Amino acid sequence: MEDLFYQFYDILVIAVTAVIMYVSVKNGISKTFPLIIGYALSFFIAFGFSGKSADYIYPEFFKEKNVEGICRNISGIDFSRQYKAYIDTLGYDFTADSRRLEQIFREGDNITEKAFQYFNSLEADFDDEKSFQEKFRRGYQTVLFDALEYDIPSSEPEYSDLTQEQFDESIKMMYNDDIMLNALYIEENFTGIYTVSLIRTVSLIIIAVAFMAVFGIFSDRFIIPHIKGFGITDHTLGIISGLIGTAVSMIIISGLVVILLNTGNGEMILFNTQTIEKTRIFKHIYNTIVTEFY
């Protein structure tokens, strides 16, 4: 029964595919292909305008509110203590001193190298330097995302690889006396990326569906009624438009899932990455589409 619950998405994929293929084969390619071309054009238009709409909507309606929320959340954070807690999760056989970490952080230059030297003094050869650098620099985003869990529109944000310069600058900003300036820095370099991505996804879906509706009405009234089929070949070739129609539907469904995942912080029963990964079919479709389009 539990396995059936996790296959909700697979059942949805099969059902949508079956309906679209049936309609496409029944009507034939002569009547469905013009509509499919309209749908393809809808996405082409949507991709062109979604980025521009996100670039306008984000600074006008979201940026200031996000900065204020970040400012509230980081105003009371003990950054060096939180970083120490992160270091303690890495499995090293020593306990870091948060005061020593703060001293290194406040110096603000070559932080990773100085931290490596400090930890190496606690336990010789505790880790190779390259592996340590990756883990240590990821700590900034881990601490930051934990503090801003409900301000970042993603339950599992992807961690970006920070260069030494980016990492040092990010750490120095955490000790800046101007908290609002630090909040603005975080929004522009980290959290704003996820907000813009979410707005772009919503815009893409809305614009695509709107133009698909327009093309659908246009095809029904002016094109399809005047097209005559050409026998069994026409119906057989309807498979082609059925496949294209299915692909378009999967893009829309995946986009809606992305939106629900982000707005729900991945905590809703159906709309979380763990549920999707337990599917047999949908996870491959979803991961491919999200990578390519969202």
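The questions and answers below concern a predicted model and set its computed values against their definitions. In this predicted model, local features need pLDDT of at least 70 and side-chain atom pairs count only at pLDDT 80 or more, while totals for chains, interfaces and linings use all residues. Residues are numbered from 1 along each chain as its sequence is written, and side-chain values use heavy atoms, with hydrogens and water left out.

Q: Why is Ser80 called buried?
A: Buried means under 20% relative accessible area, with exposed over 50% and partly exposed in between (1.4 Å probe, protein chains only); Ser80 has 3% relative accessibility and therefore counts as buried.

Q: What makes the pairing of Ser80 and Glu102 a polar contact?
A: A polar contact is a pair of N or O atoms within 3.5 Å, where within protein one must be able to donate a hydrogen and the other to accept it, and residues adjacent in sequence count only if both atoms are side-chain atoms; the side chains of Ser80 and Glu102 are joined by such a contact of 3.4 Å.

Q: Which residues does Ser80 touch, leaving aside those up to four places away in sequence?
A: With contact meaning heavy atoms within 4.5 Å, Ser80 touches Ser98, Leu101, Glu102, Phe105 and Tyr175.

Q: Why does the span of helix H7 agree with its number of residues?
A: The expected span is 1.5 Å times one less than the number of residues, so the 19 residues of H7 (residues 129-147) should span 27 Å, and the end C-alpha atoms of H7 are 28 Å apart, which agrees.

Methods:
Helix = DSSP H or I, 4+ residues; strand = E, 2+ residues; numbered from the N terminus.
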